[in-house]
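Welcome! Have the model open as you read.

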Amino acid sequence: MLQNCLKLFMQKKQLFAVVVAACFYVVLFASTYLNQSLENSIFAKQNYPLKFLPAYFIPPSESLDPFSAYYGLVYKDKYGQPTRMAGMYKSEKCNFNWKQYFPLIISSIKKYKIKNTARNPEAFTWNTSTVTLGTNVKKFKVGDTLVAHLQAKDRLNRNKTFGGDYFRARLIRKAPDGALIDGIACDIKDHLNGSYTLQVPLLMAGTFTLEVKLVLSLEGIAGFIDFTSMQNHKGHNYSATLQTNETVECNVDLNIYHGYEDKLMCDYGNPRNGETWFCNLPPSGKCSPITWVVINYQLNEPPYSDKVQFPKRYGPLAEIIGSGIQINVSNGMERNESSALPVSSPSVYLHQRNWIRTLDSKLIESKQDFRMCLDHKQVYMFGDSTIRQFFYNFANRFSLNVYGPDNSKVWQQPKTARSKDGNSNITLYYRAHGPPLRNPGPPSSRPYISDSIDGIRAAKRGQVYVFFNIGAHLLDYEASLYVRRLSGIKEAIVRHHKSFPNTKFIVRGMNVVESMEEWLILRYETLLREIFKNMSNVFYLNLWDFTTVMPLDDYHPKSFVLEKEVLLLLNHICEI
């Protein structure tokens with residue numbers, strides 16, 4: 001009898017424990033659900049830390065197949081998915097301050113706003129500025145350094161008393177038909193008092209012309225900074241088609257601008273790397289997946305229409321007084337690798353229509369066969385359409401087969417290129433960069449570079465190169481967005497190097513483009529150099545000196561310039 005009682009008691013005790021446990025999990029589930037609901041309703045935007053990422057989910061098989069065009073794109077199916085339900089958008093200050101990298105510019109702008117409180121255009125720097133040779137010497141020899149003096153002046157020919165203007169200079173020699181034969185970029189030092197010093201090493205003999213342009217005055221730079229810091233979309237916005245067939249307006253970083261408080265939005269951001277993408281709540285009230293994205297332009301609407309007035313107000317690209325000085329350089333002691341060069345010497349120069357590296361006088365040969373050095377190597381190319389130009393130049397140069405989805409409507413579709421025969425084993429991959437991207441397409445066609453780097457799985461020792469760029473599609477945005485994007489890429493490189501320390505990363509610099517927006521390009525060029533400097537196995541491909549000699553008239557280099565840029569890259573890859 002006693003044994004039966006004890007047995008019954010134990011059974012009831014076990015049942016009681018089961019009931020208690022069940023109740024515990026019900027309460028826990030309810031609490032979690034409630035907290036999630038509260039989070040969704042509050043819609044408080046978070047700053048996702050770059051260093052603390054969730055574990056990788058199991059990727060689709062195609063992202064593990066090195067023959068697939070989607071190889072490595074383990075996150076492509078996550079793009080365009082709402083990460084949180086609709087709620088009130090709350091803006092907050094962006095923590096990635098770009099101005100810390102430009103103390104002299106910011107200081108000069110403060111002086112300008114004090115000295116010219118009325119913003120009188122007659123006091124703006126103009127092409128009345130002058131350039132004169134720094135010495136009375138009219139004859140030079142190879143090995144000398146040419147020094148010239150720049151004095152910034154306003155429209156009334158008065159000397160400026162603060163710096164910050166953007167001048168660009170080159171020393172060139174042309175053929176009778178106008179073709180460029182020789183050329184070298186000049187360095188310009190700002191003394192912050194309206195005067196500048198120009199210097200350039202004389203590396204070849206001949207009669208040369210010194211050309212100096214005022215690209216943009218400090219006042220124009222201040223205008224561009226204000227313009228890119230404005231609320232609104234500056235002449236364009238993005239529209240997304242949702243799975244519900246509704247169309248909504250979207251943009252990338254609304255927290256930088258004001259005016260979106262208390263607005264119902266859908267969050268399509270990427271919590272892995274902190275990238276933001278928001279869309280207006282559609283009429284249905286449902287944040288469904290994005291299926292397609294396009295860009296819309298409103299060039300005649302403020303504030304973008306105000307930008308059209310920039311040339312009249314701030315001055316167009318123009319040569320300054322004294323530009324066109326001719327100098328004769330005679331043969332002196334030919335420079336060798338031990339010859340002293342100014343610290344600020346450009347990386348390359350043009351001589352007899354051939355490009356030569358300044359440091360070691362090495363000719364960048366177009367006839368050199370780079371196939372051997374690329375054999376058994378994988379080259380990843382991440383970025384915009386200019387990186388895609390590099391990809392197809394490589395594929396054509398080495399007769400590679402290109403695989404991937406049709407790109408007649410979506411140019412940024414992923415591509416893979418491999419050798420056609422067994423004579424070599426070269427593999428190339430092209431992947432676009434994440435939004436904002438001005439070309440139409442589905443979210444999967446615009447992976448974030450940081451995610452693409454995290455997706456690289458076959459990084460063998462000394463055989464993987466990652467070549468990337470980003471910038472042109474972000475020029476009109478507040479530059480703090482750009483700093484945040486580069487910081488995310490930098491963190492991805494650090495993560496990758498922990499597993500594959502021998503992977504080589506090459507950052508492609510910006511091109512000089514003859515445009516009023518050239519200073520915006522220079523701003524991003526400066527940020528690129530600063531953020532990626534002094535990193536192990538990260539190298540910089542400097543195209544600024546090259547395109548200072550031969551400025552582009554379009555964001556996409558023509559075939560001749562592209563060919564030379566590709567040769568610079570191939571030399572880089574084959575030596576690091």
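Predicted model: local features only at pLDDT ≥ 70, side-chain atom pairs only at ≥ 80, totals over all residues.

Residues are numbered from 1 along each chain as its sequence is written, and side-chain values use heavy atoms, without hydrogens and water.

**Helix 7**
- Helices here are DSSP runs of H or I with at least four residues, numbered from the N terminus.
- Helix 7 covers residues 385-397, and its 13 residues reach 18 Å from the first C-alpha to the last, close to the 18 Å expected at 1.5 Å a residue.
- That expected span is 1.5 Å times one less than the number of residues.
- After helix 7 comes Ser-399, with a positive phi near 50 degrees.

**Helix 9**
- Why does the span of helix 9 agree with expectation? At 1.5 Å a residue, its 21 residues (479-499) should span 30 Å, and the end C-alpha atoms are 31 Å apart.
- Helix 9 is mostly covered, with 15 of its 21 residues buried.
- At its start, a side-chain oxygen of Glu-478 comes to within 2.7 Å of the backbone nitrogen of Ser-480.

**The largest pocket**
- A pocket is an open set of points on a 1 Å grid over the protein atoms alone, where a 1.4 Å probe fits, with protein on both sides within 12 Å along at least five of seven lines; lining residues have an atom within 4 Å of a point.
- The largest pocket holds about 1500 Å³ of space.
- Its lining has 45 residues, and those closest to the centre are Asp-187, Leu-522, Arg-529, Trp-544 and Asp-545.
- Helix 10 gives the most to this lining, with 6 residues.

Key. Helix = DSSP H or I, 4+ residues; strand = E, 2+ residues; numbered from the N terminus. Points joined across faces, edges and corners; volume = space filled by probe spheres on them. Buried < 20%, exposed > 50% of the residue type's maximum accessible area, 1.4 Å probe, protein only. Polar contact = N/O pair within 3.5 Å; in protein donor to acceptor, adjacent residues only side chain to side chain.
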